[in-house]
Amino acid sequence: MDQEQLTTIEDVQRAMFIQRYIADRSLATSVFLALKRRKPLLLEGEPGVGKTEIAKVLAAILDTKLIRLQCYEGIDVSTAVYEWNYTRQMLHIRLMEVAGINRQDELKEIFGPDFLIQRPLLQAIDPSNTQAPVLLIDELDRSDEEFEAYLLELLSDFQITIPEIGTIQAKEPPIVIITSNRTREIHDALRRRCLYYWIDFPTLEKEYSIVLARMPGVPEQLARQVCAFVRELRSADLYKAPGIAETLDWISSLLALDQMELVEGAVRDTLGALLKYQDDVLKVGGNEMYRILKKVQGVS
Amino acid sequence: MNAQSQENGDYFASQPLQPLEIERGERLLYRLTEFGRILWEVGIDVGPRKMLDLAETLDYVDITNKEDFYTTLKCSLLAKHEQEPVFDQMYLYYWYMRDRQDKKADDAPGAAKREERRMRLPPSELKRLAEHLNAPSEQHKAFRSEMRESERRRRFEEHSQEDDDDAADPQGTAYSAIEMLRKKDFESFTWDEVQEAKKLMAEMRWDLGLRPTRRKRPARRGSYPDMRRIVRRNLKYGAELLELTWREIKYKPRPLVIICDISGSMSMYSRFLLHFIHTISNGLLNVEAFVFGTRLTRITRQIKRRDVDDAVRDVSKTVQDWSGGTRIGDALHLFNRKWARRVLGRGAIVLIISDGWDRGDASMLEVEMDRLQHSCHRLIWLNPLLGSPDYRPLTIGMKTALPYIDDFLPAHNLDSLISLGNLLGTIDDSRPVRSAAARRKAVAEWSKTSV
């Protein structure tokens, strides 16, 4: 689909639904505005609520390439933007030496585009892109302040300067999705340049429809009980509350065990798909599990 | 609307608007600007650029749809999850409640009306929001001078039950010699001495141990070849690598997280310790500060204010459990759940300041201390009571926490703070020993020897 075809918020919401992403109207509005205003969209929220998924879905909707930059501590220009292919450069110099080509031409040649390795950010603003790609800058909080400062410049002008070549400017500025898990505060300067959206845990109904959309063929009874169970867990005092990703994981574990509804034994065996800390497993494993299970079984 | 939004920027530079202009179909822009100003008043950072942006953005949505209008405003103007409740409240207030009020007084002339409108924010609401967001408000400007500050203190002491009798009497005390002052317990400081000590603290230099980052920088000698420069330099030799250049690992100071007890039993120290936290966090980059009594409050933003008195005043307005009971376990529980992931990354050093008088659940304290120790590089506990030579960690809280502490230090006078500073500077990459045997040993030693 072309970007121009998404003329209303409903269009965006519907397109996301077709890609099996159930979005609130407010989320669809943010995405819509990010597309129209060509502004980066900064998504925050608990792990596993579908932040990264939005970028994938957007790329699928617009039928364009998804360029993903996974951030980590120490990420720098040579891994995020570009690097020279040193080995090739040196080999080439040798060859030219043998062929007796003069120095000036030599220099021009080995610092040309042929010897440049494009990393995600440079790929995203490559002028030869005929269609704006989706650039996903994932878990920005893992990178360090230096990299964030570099991004500021990139996100405002969509251009990159390589000293040996010159300035490269995007013809079609990419659609930028930035996600953060808040293990470090993103600087205000970067926030200012973005549209901001906080993705919350879904409501019971929404999670139920997500489960049905993502896992066609799941027994309705099971889906309903699982959603109710997870919802109860989220209100319990856990170190790490399960996200939607965990819900889906759990359901596939239960399906692998041929379960049609929640029963005690299977829940106990598969709790590891839902809870990732031993403290939490201990806490839920006992009476708490019975209580929730009883409540959930009563509902359906 | 694009042309209008240009003007919208100007409105910010040169308010007030003429009523006539407002009538000419620019009502919405005017309202938006005004809403922006109200947000600004409660501490949400909405600059003219954001407002301009918003005005352009509104082009794309159907502003008669209330929900879309709301989301558009929200995702354009907000930048932090914490601000959402305040934003929602202000949104409701401005676009719904006030609307009704305005309808009655719509004919009143512009400038005066606007001024009056701003004042009409319900004071209780404004105060609550200001507390929530720690925005500077009108009240901050009061009580500026030292004189009035001391007056306020005296009044405060008359009302409060705790007798802090030295501080109440600013006259009749002389400036002590610096040496004396450094050894003197904060508890017995006079008002003048507090002032003097503040000055001394401001001169202290704080250094935090460095941690290796994953980033590298060019260096004369190092372990990583700097390929880019090597190729450049050796071009002249025809790709014969004769000159090598290197990169080395870059070091950065570790983050510091301070969790300070401000309950009743600490009241002699807590105000002074806030000053200490202020100096330390203004000298260093990565400092997060929390205080707790019965509940945990983050005071990082407040304490970053340049002026120490402003900062402390701000903190005291934010915190609601001054001089109450202590529930260290609960406070740490909340910290571990809500904040640990956000502030303990990158090898943080945690500094707990408390006397260990705990009225909470000891088993909870134990679990949380264990978890906290596991998630930080070094856990330091400062106890003001440790200054007295015959102090033993006998209270249940202190006894429970002791095995999980890497360094147990006093914090009762300036000298003890200086030695803390020295310790912080020497923290390196090596992990402190945290075996069960080491824990038992520490407990045994603390219950025997004197300090």
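Biologist: In what order do the six strands of the open sheet in chain B stand?

Modeller: Please keep in mind that this is a predicted model. In general, strands of a sheet pair through backbone hydrogen bonds, either parallel or antiparallel. In this open sheet of chain B the pairing is mixed, and the order is S6-S5-S4-S7-S8-S9.

Biologist: Which strands of chain B stand at the edges of that sheet?

Modeller: Neighbouring strands in the sheet are turned against each other by 20° on average, direction ignored. An edge strand has a single partner strand, so one side of it is left without a neighbour in the sheet. In chain B this holds for S6 (296-298) and S9 (407-410).

Biologist: Which residue in S9(B) stands opposite B:Asn383?

Modeller: Strand S8 of chain B covers residues 378-383 and runs parallel to S9(B), with four bridges joining them. The residue of S9(B) that stands opposite B:Asn383 is B:Pro410.

Biologist: Which element gives the most to the side of chain B that touches chain A?

Modeller: The contact takes 33 residues from chain A and 27 from chain B. On the side of chain B, at least two residues each come from helix H4 (48-57), helix H5 (66-77), strand S1 (210-219), helix H13 (227-234) and helix H17 (328-343). By class, this side has 11 charged, eight polar and eight nonpolar residues. With six residues, the element that gives the most is H5(B).

Biologist: Are helices H10(A) and H11(A) parallel, antiparallel, perpendicular or oblique to each other?

Modeller: The axes of H10 (residues 204-214) and H11 (residues 220-235) of chain A come within 9 Å, crossing at roughly 135°. The crossing is right-handed. Angles over 145 degrees would count as roughly antiparallel and 65 to 115 as roughly perpendicular. The angle therefore makes H10(A), relative to H11(A), oblique.

Biologist: How many charged residues has the contact of H10(A) with H11(A)?

Modeller: Among the residues that make this contact are A:Glu207 and A:Tyr208 of H10(A), and A:Arg224 and A:Arg231 of H11(A). By class, the contact has eight nonpolar and no polar residues, and the number of charged ones is three.

Biologist: What is the bridge partner of A:Arg68 in S5(A)?

Modeller: Strand S2 (residues 66-70) of chain A has A:Arg68 on its uncovered face, together with A:Leu66 and A:Gln70, whereas A:Ile67 and A:Leu69 form the covered face. S2(A) pairs with S5 (residues 134-138) of chain A in the parallel sense over five bridges. In S5(A), the partner of A:Arg68 is A:Leu136.

Technical notes: Residues numbered from 1 in each chain as written. Chains lettered and ligands numbered in written order. Predicted model: local features only at pLDDT ≥ 70, side-chain atom pairs only at ≥ 80, totals over all residues. Pairing = 2+ DSSP bridges. Axes fitted to C-alpha atoms, helices over the stretch in contact; angles between N-to-C directions. Contact = placed C-beta atoms within 7 Å. Nonpolar A, V, L, I, M, F, W, Y, C, P; charged D, E, K, R; others polar. Parallel < 35°, antiparallel > 145°, perpendicular 65-115°, else oblique. Left-handed = near helix turned anticlockwise from the far one by under 90°. Buried ≥ 20, exposed ≤ 12 C-beta atoms within 10 Å, placed from the backbone.
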